[in-house]
Amino acid sequence: MNRLSRWMLRIAVALACLLPAAPCRAELRIEPPPANVAQYDKLELVLRVDAEYPNPFDPGQVDLAVLIETPSQRRVRIPAFWYQPCQRRHLGGLGRRADWVYPAGDAVWICRFAPDEPGAYRATAELKDSRGTTTSSGVEFRSTASQCRGFIRCNTRNGRFLQFDNGELFFPIGQNLAFIGPSQYFTLSKAIAAFSKLAENGANFVRIWTGCEDWALAIEAPRSAWSRSWEKRRPITEVPGASVKAIQIGGDSESRLTAAPYDGIPVRPGAEYVLSGVVEFRGASAVRASIGPSGESFDIPRGGAATQPFRHVFRAGPEQYYLDRISLARLGDGTAWLTALSLKETAGGPELLAGADPNLPRRGRYHAIDSAMLDELVESAREKGVYLQLCVTMRDLYMESLKDAGSGDYAAAVGDAKNLFRYCVARWGYSTSVAVWEYFNEMNPGLPTDRFYTELGEYLDKTDPYGHLRATSAWAPSPKDWRHAELDIAQEHFYLRPSNLEKLPDVVAAVADRARHVRQIVSGKPILLAEFGLADEKWGFSPDMKVDEKLEHFHGALWASALSGISGTAMFWWWDELDRRDAYVHYRPLARFLAGIPFAEGNLQPVAVVVEGREGLVAAGLQGPRHGYFWLYDRDGSWPRRSPATEPVLVSGARLSLTGLEPGRYRAAWWDTRSGEPRGETQIEIGPGGSMLHAPEFKLDVACKIEPADSRATRP
């Protein structure tokens, strides 16, 4: 090297030392996938990233996705998500401790994808963070054709109903099973068992809340280990002279506090744990910590400094799966503040007491155990052929921020909701069993939510490649929501209370009234009566459900709603009572009758059929030019007019006056609504002026299908 070259090299080195170092981009790779995956099945890709982020759920910090090239040359972007593995064990029985779900192992980035066409695929990962954009090498896999019907859509032939990707009709038959968790009637295991009972009896649709805060399943909720959401007094304060929140022990707070998450503190039998934290003292001599249920305790003395870190190692018992609680008591006068509390295995691993940290943000972090529970529910639903409407967002976590559509709080709420739904798309969007994203349960209809639904809908248009249907609900009828262009389904909730009975004498009248009201406002969308049932004046559980021993009101609401012109059956709310009384058997006869009805074809419309021959008979039905489907109901013989101790009367001589059908020969098939079996067929000739159809003798109710005589009979 000559003198000039050496001189230029020295200048280059000097300049390099003066310039800021360029950040190193993260390394990124995709672990090899399986060679083949069936069409619409779950493909799970593991992504390896050699970087850590303060909040891996925030795409503003780390935006990780997989770009997939399909056999038809489409490019699909699938968001990835931060995944904490969990172990699950059924401990026996169906009680509060039936299910043990335990975070175990290192968290990792996952991408879940469902291929919608057979053929060869190629996938590359893309990571965006503060250091720039990194792209991985590609991996390849193949998808093989399957019999899966695909995702649920609005029907392409008749937008009032639903269908699968393959064009097959989907008519929702089901109920609510909203609250699932260790403190609820339905634990995880019991909910999975209910899926089986529903599917065995022909039901196919369940509505579940995933935003219940600290009393049931919640993906995003500000859960505190120190208090419950319904408690007004909470021990969280700011440490004097500091800008950090802490748990106050003593002073104007309780001198003994307990960390007791609603779902308990899971531990692994025989594993060794370390409980650690920091206590800030103001006068108190010590804090005594007790670990339940064994009662093992230790003291945290003040010592020579006001701020004392502590660390205590203990071992779970050989058959111990839960701690239940950790108690902290002040010793002596004064006040102490717990500024940190952590529970981990001594060998390392995930935090087991996240709810003990009072400084966590209210929104933007997602619970590992609840997400793992929802994984199980989604997979179980897929196995059983049950489809889910997931009510995702905790209303009370967002409602205060949605009062002024032009405010910064409103914009922040929209941004946080986008992040939440990005996580949902990434984690559960792959599953064809997820039918509907529901934004809120019973939002205040007076709030200016149009902007929220518009922006979130437009975001999902770009982010959810599977195009899941979207809905919301309000605590009163909300026509602006029903008509909103970014909401696919118009959803109504209604409870028949004593004060309603004068206008709406029974559930049949209530269903017909709600169906007619919503359909007058939205003519071309699917409509779901997604909450329905009897209630007292304060919308609580109605004692009439106990009086109606045979659940005649439940049976009647199902049949009336199915033939009312809305897009599925009325979905009852009182799931625990339905389960106790094995109400699932009421679904099977209806499901058998509905099989093969061409809801989306034949221009079927709700009709009022004139019934003659006896007072008190009502007919609900759908009719087109060449088809009719009717349910004949003895109003005087059913709830609430007839006493449960009184035997229903035999109805004879009933006649249906048929008009509106094209002239021709038809087949009228009568069905037993209790067994779900056909009762026989008759041939009828319909002329230009209609015809009279004679019903067989029946008790309580009977159903009929009228179809052209030369067509194939509709069989279950």
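I note that this is a predicted model, in which local features need pLDDT of at least 70 and side-chain atom pairs count only at pLDDT 80 or more, while totals for chains, interfaces and linings use all residues. Residues are numbered from 1 along each chain as its sequence is written, and side-chain values use heavy atoms, with hydrogens and water left out.

Entry, helix 3 and helix 5. I looked up the crossing and found that helix 3 passes helix 5 in a right-handed sense (the near helix is turned clockwise from the far one by less than a right angle). For the contact (heavy atoms within 4.5 Å), I listed Ser371, Ala372, Leu374, Asp375 and Val378 from helix 3 against Tyr423, Arg427 and Trp428 from helix 5. By class, these residues are five nonpolar, one polar and two charged.

Entry, helix 2 and helix 3. I then turned to helix 2, residues 188–200, which packs with helix 3 at an angle of about 15°, their axes being 10 Å apart. That makes helix 2 roughly parallel to helix 3, and the crossing is right-handed. Leu188, Ala191, Ile192, Phe195, Ser196 and Ala199 of helix 2 meet Met373, Glu376, Leu377, Ser380, Ala381 and Lys384 of helix 3. I recorded eight nonpolar, two polar and two charged residues in this contact.

Terms used: Helices (H or I, at least four residues) and strands (E, at least two) are DSSP runs, numbered from the N terminus. Ala, Val, Leu, Ile, Met, Phe, Trp, Tyr, Cys and Pro count as nonpolar, Asp, Glu, Lys and Arg as charged, and the others, Gly among them, as polar. Axes are lines fitted to C-alpha atoms, for helices over the stretch in contact, and angles run from 0 to 180 degrees between N-to-C directions. Angles under 35 degrees count as roughly parallel, over 145 as roughly antiparallel, 65 to 115 as roughly perpendicular and the rest as oblique.
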